Amino acid sequence: AFAGPAAADARGDLHAAFKQNLAAQSYRATITDLTSGKQVSSVEFRAPDRFRITPAGGPASVVADGKMYMQVNGRAMSVPLPAGMLENLRSDSAWKQMDKDTLIRDAGLGAVAGEPARKYHWISSGKSASTGDAWVSLKSGRVIQVETAAQPGSKAGAVRVRYTDFDSAAI
């Protein structure tokens, strides 16, 4: 089910869509726990390196200029980011890791919030094994939603990441 030219095309098409996301000047990502249906957090990105991360029910943190700024016990503080953290968030490195041990197939047409999209399914092996689906907008060519399945032995559960507001001046 994952072999041959169609699988190669699916891999290339999905990679191109992720590259489109990386090229965005801004976007909003909403992360939802699929078990509870509750929003876990939201992330707003503004190029080249600014993130506002807001956990559900918690104060926002801002990542900028290699630091994370947050409120702790009513006091503002900044913490240096671990080396390489920003590069992992905004580079092709995650895809390169995924490319090594991942099978990807075109799972057909669908829609996300009424927006026509092509769905891709992946199965990853190796130390960061995962399975999930990604939806690519037929209009913009960008990834507009990703769902990952819960993995046995992992603390992380199944989540949905919904991407919206690409290149919005409001972010």
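Buried means under 20% relative accessible area, exposed over 50%, and partly exposed in between (1.4 Å probe, protein chains only). This is a predicted model, where local features need pLDDT of at least 70, side-chain atom pairs count only at pLDDT 80 or more, and totals for chains, interfaces and linings use all residues. Residues are numbered from 1 along each chain as its sequence is written, and side-chain values use heavy atoms, with hydrogens and water left out.

**Stop 1: the sheet.** Select the strands (DSSP runs of E, at least two residues, numbered from the N terminus). They form an open sheet of 11 strands in the order β6-β5-β4-β3-β2-β1-β11-β10-β9-β8-β7, with antiparallel pairing. Two strands pair if DSSP finds at least two bridges between them. At the edges, β6 (75–80) and β7 (102–112) each pair on one side only.

**Stop 2: β10 and β11.** Select 143–148 and 159–164. These strands, β10 and β11, pair in the antiparallel sense over 4 bridges. T148 stands opposite V159 in β11.

**Stop 3: V161.** Stay in β11, where V161 is found. Is V161 buried or exposed? V161 is buried, because its relative accessible area is 15%, under the 20% limit. Show its contacts (heavy atoms within 4.5 Å). Beyond neighbours within four places in sequence, V161 touches A29, T30, I31, I144, Q145 and V146.

**Stop 4: the core.** Select L14, Y27, F51, V143 and Y163: they have the most contacts inside the largest nonpolar core, which has 28 residues. Such a core is a set of buried Ala, Val, Leu, Ile, Met, Phe, Trp, Tyr and Cys residues joined through side-chain atoms within 4.5 Å. Finish on V143, whose contacts beyond four places in sequence include L14, F18, W135 and Y163.
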